Amino acid sequence: MLALAAAAGLVRPGEAFAQQWNKAAFETKSVADTLKALGGSGSTESAQIQITAPDIAENGAVVPITIESGIARTQTIAILIEKNPNTLSANFEIPEGTDPFVTTRVKMAETSNIYAVVRADGKYFHAAKEIKVTLGGCGG
Amino acid sequence: MADPMRIRASMAGDKVEVRVLMSHEMETGLRKDAKGAVVPAHFIQNVTVTHAGKTVLSAQWGTSISKNPFMHFRFKGGKPGEKVTISWVDNKGERRTDEVVISGG
Amino acid sequence: MRDDQARQRAERVFREAFTHGNRQMAAKVEVQDEVQAQCTRYRNEPPKDIAAAIERSQAASIRYPASGKMLGDWREGERIAQDGYGMRFTDPDTKRPNGGGCYNCHRISPAEISYGTIGPSLHRFGALRGTGEAIQRYVFGKVYDSQASTACSQMPRFGHNGVLTEEQITHLVALLLDPDSPVNK
Amino acid sequence: MPYRLLAGLLAAVLPCVGMAQQDTQKEIERYRQLLAEGNPADLFEARGEELWKTPRGPKNTSLERCDLGLGAGVVKGAYAQLPRYFPDTDRVQDLESRIVTCMVTLQGFKPEDAMKNPFSAPGRPSDMEALASYVAAESKGVKLAAPLRHPKEIEAFQIGEQLFYRRAGPHDFSCVSCHGENGKRIRLQELPKLTDPHDAQRIFTTWPAYRVSQGTVRTMQHRLYDCYWQMRHPQMDYASEASIALEVFMAKYANGGEIQAPGLKR
């Protein structure tokens, strides 16, 4: 019964807001190091991960990104920005019953590749996309 | 205290579509103020979304999520009239919880 | 209100609109120079005789480099063309040189995709026109005082109004004319 | 923000220059569409409504009895008929100057306190940005119909028109430098020709707006302040007669456009 409840993702008393934040992963400064800190030893490029984002962002402070994974048993979706001071931007945990799909907005310091890293059935997969960050307005 | 979130949750077929805006500075810790002093990092670290006692999404965020964060996702198993609850906690321990009733499609 | 009455009222309202900021800056914008006043009055379409008078007076104001050297360093020119810094009330750093902000209005080097279209494209400017002394003189003069050739042009009079130095303008001349500049590749 | 030149990639990959420009424009358009599904201005609207209805100030009164031109207490549709002449103050007022009036008369704030923080900075939120967002949003979908009938409204239009064309400062700029022609842009930002009803109706009606480059809602007063900053003029006084005259001038061309404020912009 307990095992079943856990498998179904039911929350046990006292656990509801037990927060953890992977400090080591958020302090990494390269895609390889982030992957390691997230617990992966390697990652396979996958065409089943779709990144929807503009090719050009008018402003790096707000860059909309949608990631959708077609990989069965997707458990987490992470967003990495290669040229940012800290590579890891976000890591979403996707329980069963929730679509392996998430939209958010990130800051980009400069034109860079962004990586979507998916953990599915314990294995790591990724896709990448370049987003150009332009200077808008009259400049400074 | 932080301003309330703006949450929209509505049915899309058999799934609940959730969109949320949060009011937060999301300071990187790298920005300098007008006097040249570094503004300390201040950002949401954890987000948890629950429905009927079950976590339907949880996230860890770093400093590069945009100011006034936005998030959109979908989950199965919700019905109109039921509640979706979203909580966040930031690196200074400030937190905020808001809920919304799922509307029909 | 007749037009001249409206103008007088507007001038007063204008003076009353800048009472909290920098007084020196306010004093400068309150008084228009002759060119600004005429272009305002005719909404940038002055009658022929006034246009000719503006072009004459402005052409006479251009100070070409005493050395005769008008072709500077295109790399510096690119930096100046990108930079929009200077002369705003939040720009207190008097040591930092002003920028030209050229990309705000012009396409210049093809590598820069974020460019404005208020002014004409300057891409391949030198490739199409050569790099001889006559064209150097033309470009120097255009940047120094655009109204020497086109009365009431929207382009700032960068040299005439002391926004850019003589040396900075020679770098912009190089950006447009130097065969090695990305503009002409 | 650090900024890097692109390595000539576009020119190398794309067959012709015209196409490159078109593609850039298309991608920027897509960028804006992707942002449109969640406008952070919603957060400001909500905070503004809360502020509007909360008793505050020396008189501990809410702003609910504020007369925005359609009678005391009417917020719905009021923004669509601003700026306008108000007999009680005997002047033409825009949204922000009228909110200031209500803060002074209803809530008992000193005018200088009511106008102390109209433009937010990081860590220093502005009540005005929230209040303006709320009131503007209450006119969503309503067509702009600034009156322009009262002699003072007509006078304001004429003053605004003069100011619109007035060139000054070290760059010889006027409003027309950027807003006098159709289809132009600064960098990648398209510029409305503000004397063309098509452009004016589409743009004027989207202020106040959340500006992603500034991470906050900016009001029409800030838009003008920011324009004069770029024009190398000194800091424009908040809610000055000149600023309101320019708004009346723009409103004439924007009349008939549907209010879609607060908008979302670069």
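This report describes two chain-to-chain interfaces in a predicted model, that of chain C with chain D and that of chain A with chain B.

The size of an interface is often given as the accessible area lost when the parts come together. The table lists this area and related counts for both pairs.

| Interface | Residues in contact | Buried area | Share on carbon and sulfur atoms | Salt bridges |
|---|---|---|---|---|
| Chain C and chain D | 54 residues from chain C, 46 residues from chain D | about 4,900 Å² | 55% | six salt bridges |
| Chain A and chain B | 38 residues of chain A, 33 residues of chain B | about 3,000 Å² | 48% | three salt bridges |

**Chain C with chain D**

Between chain C and chain D there are 30 residue pairs in polar contact, both residues being at pLDDT 80 or more. On the chain C side, at least two residues each are supplied by H1, helix H2 (23-30), helix H3 (34-41) and helix H5 (74-82). H1(C) gives the largest share of the side of chain C that touches chain D, eight residues. Sorted by class, that side of chain C has 22 nonpolar, 20 polar and twelve charged residues. Among the salt bridges between chain C and chain D is one that joins the side chains of Glu11(C) and Arg166(D), at 2.8 Å from N to O.

One helix pair can be described in detail. Helix H1 (residues 3-15) of chain C packs against helix H7 (residues 151-164) of chain D at an angle of about 80 degrees, and their axes are 8 Å apart. H1(C) is therefore roughly perpendicular to H7(D). From H1(C), the contact is made by Asp3(C), Ala6(C), Arg7(C), Arg9(C), Ala10(C), Val13(C) and Phe14(C). H7(D) contributes Glu155(D), Gln158(D), Ile159(D), Gln162(D) and Leu163(D). By class, this contact of H1(C) with H7(D) has six nonpolar, two polar and four charged residues.

**Chain A with chain B**

The interface of chain A and chain B holds 20 residue pairs in polar contact, again with both residues at pLDDT 80 or more. On the chain A side, strand E4 (63-69), strand E6 (88-93) and strand E7 (101-106) each supply at least two residues. The side of chain A that touches chain B has 20 nonpolar, twelve polar and six charged residues. One of the salt bridges between chain A and chain B is formed by the side chains of Lys15(B) and Asp99(A), at 3.2 Å from N to O.

Notes
Residues numbered from 1 in each chain as written. Chains lettered and ligands numbered in written order. Predicted model: local features only at pLDDT ≥ 70, side-chain atom pairs only at ≥ 80, totals over all residues. Heavy atoms only, no water. Axes fitted to C-alpha atoms, helices over the stretch in contact; angles between N-to-C directions. Helix = DSSP H or I, 4+ residues; strand = E, 2+ residues; numbered from the N terminus. Parallel < 35°, antiparallel > 145°, perpendicular 65-115°, else oblique. Contact = heavy atoms within 4.5 Å. Nonpolar A, V, L, I, M, F, W, Y, C, P; charged D, E, K, R; others polar. Buried area = accessible area lost by both parts, 1.4 Å probe. Salt bridge = Lys/Arg side-chain N within 4 Å of Asp/Glu carboxyl O. Polar contact = N/O pair within 3.5 Å; in protein donor to acceptor, adjacent residues only side chain to side chain.
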